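The sequence and structure come next.

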Amino acid sequence: MQFQAKSFDAASHRSPLLVVGVFSNTTLTPGAHLIDQAGKGQLSKLLTREKFTGARGTSLMLHHSVGQTAERLLIIGLGPLEKSSIEPAAINAALNALQNVAKSATYKSLSIDLTGVSVSGQASSWLASHIAQTLTTGLWQFDQLKSQKSNKLNINKITVNTDGSAATIKKSLEQGQALADGMNYARELGNLPGNICTPSYLANQARAMGRGQSKLKVSVLTEKQMQAEGMGSLLSVSAGSDEPAKLIVMEYRGAAKSQAPNVLVGKGITFDTGGISLKPGAGMDEMKFDMCGAASVFGTMKTLLALQPKINVVAIVAAAENMPSGGATKPGDIVTSMSGQTIEVLNTDAEGRLVLCDALTYSKRFKPKTVIDIATLTGACVIALGSHAHGLYSNDQAFADRLLDAGIEAGDRAWQMPLWDEYQKQLDSNFADIANIGGREAGSITAACFLSRFTKDLCWAHLDIAGTAWKSGGAKGATGRPVPLLVQYLLNNK
Ligand code: BES
Ligand code: MN
Ligand code: ZN
């Protein structure tokens, strides 16, 4: 999709489809007003006749001119004005209506005029970026594995007119699109099934991303190399699988070498059967999404490559498949992590923390400013927070606050959970330094406590995205979250 910033007159602008807004009580936006003037009041009359008041989420499609030069006119309801601005949710409802029209459009381009529309709590540049982001994710389709492709999208160019100079709007559109492309990449990797998206497949994706990119250095550790590093915990997860584990490292250098990087660590379990502690069959297909933490790290790197910010970011993906077999790790097995701490594997289905702890220990060699791990770690987090907020844990409150703020800014919110010492004793083991499960109570918290044992000397945060990374049911699919939060955080700290 090509987005173009252009300041134009809504009445005389030529386009197969022009989109303008109307606020509640039939209050016209400046664009709608220009059309009404040019058509000597035809638009106002028509809105009255059709009882179109501008309520949130409503829309009206006109296939004839009421004063505008454009061939068609889509009028979208923007809802009530509060202190002369509207809610972000009203924009989302309006863009949703537009998406439905765009999906079935037979023409190639459309234009949007939302000048004079200000959104509460957001700078004027936000609207253009949000339009590009929402339409790029909303019009994205995942049909590469269907022999009959869904209806092809005809629209390939969208012209946007919002408040601000053409140069700022252009920049905003680019940012929104780069973010959406990163999210769509994360969704694609998430949706790909376990028989295609293996640890080796992810390693190849990283290599492909690094090709021709002077700022991105990619390296992949084999099982043998991980063995040499002492990653006995990570390797205990892939022990039952025919697919070899990979530790994928992508180093984005946009700033001076002397500047400490922010490190992202993604859980990349390309399929989680539970291992010998086998999961029940119902819904097990969704465990192909158990690499969505890794996918969000890939998506974030893709967005950074498009925007080329002057920052340093290191991405580490711990990729493995969790399978039962004659060689698989058994409950009660004790493994030695790269940190030297021994772990009693009481449940082989608590494998995410086993791969992450070694990846977190490995991250220390980059002398990071901050480390964030992102993981579909616990079913308990889904019970605690549902599908709206990521679970956030951190050993540094100022860092946690910056992540919470980034999530609010990006419309991709996290909610902080406690990492109190009281929970730690649930991980006591009779036979090793630590057990890999902490009992039924506070499952998301004890998983975070486990990770905290490996991050004591780091400024570290953990995002449990088990409830937010994908949707189940009729709309089953990866969401691309938390790419917006991660990108916002990284760009805020440049
Ligand atoms: N990948 C799962 C977590 C998960 C489950 C995410 C369901 C989303 C939906 C993880 O590896 C896992 O199996 N966790 C166990 C931990 C338990 C054995 C302590 C869980 O949450 O049940
Ligand atoms: Mn598991
Ligand atoms: Zn898992």
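## Zinc site

The donor residues of the zinc ion (ligand 3) are spaced K-x4-D-x17-D-x60-E in sequence. Of these, Lys267 sits in strand β10 (residues 262–272) and Asp290 in the loop between β10 and α9 (292–307), a pair 23 residues apart that links distant parts of the chain. Helices (H or I, at least four residues) and strands (E, at least two) are DSSP runs, numbered from the N terminus. Lys267 and Asp290 are both buried, where buried means under 20% relative accessible area, exposed over 50% and partly exposed in between (1.4 Å probe, protein chains only).

The protein donor atoms come from Lys267 (NZ), Asp272 (OD), Asp290 (OD) and Glu351 (OE), and they lie 2.0 to 2.4 Å from the zinc ion (ligand 3). Donors are N, O and S atoms within 2.8 Å of the metal (3.2 Å for Na, K and Ca); water is not among the atoms, so sites may look incomplete. The site of the zinc ion (ligand 3) is octahedral, with angles of 78 to 177 degrees among its six donor atoms. Four donors count as tetrahedral if all angles lie between 85 and 135 degrees; four count as square planar and six as octahedral if opposite donors are over 155 degrees apart and all others between 65 and 115; anything else is irregular.

## Basis of the model

This is a predicted model, in which local features need pLDDT of at least 70 and side-chain atom pairs count only at pLDDT 80 or more, while totals for chains, interfaces and linings use all residues. Residues are numbered from 1 along each chain as its sequence is written, chains are lettered from A and ligands numbered from 1 in the order in which they are written, and side-chain values use heavy atoms, with hydrogens and water left out.

## Manganese site

The manganese ion (ligand 2) is 3.1 Å from the zinc ion (ligand 3), and Asp272 coordinates both. Protein donors of the manganese ion (ligand 2) are Asp272 (OD), Asp349 (O), Asp349 (OD) and Glu351 (OE), at 2.1 to 2.2 Å. The site of the manganese ion (ligand 2) is irregular, with angles of 71 to 169 degrees among its six donor atoms.

Along the chain the donors of the manganese ion (ligand 2) follow the spacing D-x76-D-x1-E. Asp272 lies in strand β10 and Glu351 in the loop between β13 (342–345) and α10 (352–363), so this pair ties together parts that are 79 residues apart in sequence. Asp272 and Glu351 are buried.

## Ligand 1

Ligand 1 is surrounded by 16 residues, the closest being Lys279, Asp290, Asp349, Glu351 and Gly379; a residue is near a molecule or strand if one of its heavy atoms lies within 4 Å of it. An N or O atom in the side chain of Asp349 is 2.8 Å from an oxygen atom of ligand 1. A backbone N or O atom of Gly379 lies 2.7 Å from an oxygen atom of ligand 1, and a polar backbone atom of Thr376 is 3.3 Å from a nitrogen atom of ligand 1.

On its own, ligand 1 has 510 Å² of accessible area, of which the protein covers 77%. Accessible areas come from the Shrake-Rupley method with a 1.4 Å probe; for residues, only the protein chains shown count as cover.

## Aromatic pairs

The whole structure contains seven aromatic pairs. Rings of Phe, Tyr and Trp (its six-membered ring) pair if their centres lie within 6.5 Å; planes under 30 degrees apart count as stacked, over 60 as edge-to-face and the rest as tilted. Among them, Tyr185 and Phe298 are edge-to-face, at 6.3 Å centre to centre and 85 degrees between the planes. Tyr185 in helix α5 (residues 166–191) and Phe298 in helix α9 are 113 residues apart, and their pair links distant parts of the chain. Tyr185 counts as buried because its relative accessibility is 9%; Phe298, at 0%, also counts as buried.

Tyr362 and Phe366 form another edge-to-face pair, with 6.1 Å centre to centre and 70 degrees between the planes. Both of these residues, Tyr362 and Phe366, are buried.

## Other residues

Gln424 is in the loop between β16 (414–416) and β17 (434–435) and counts as buried at 15% relative accessibility. The side chains of Gln424 and Arg453 are joined by a polar contact of 2.7 Å. A polar contact is a pair of N or O atoms within 3.5 Å; within protein, one must be able to donate a hydrogen and the other to accept it, and residues adjacent in sequence count only if both atoms are side-chain atoms.

Arg481 and Pro482 are joined by a cis peptide bond, with omega about 0 degrees. Lys51 has a positive phi, near 55 degrees, and counts as exposed at 72% relative accessibility.
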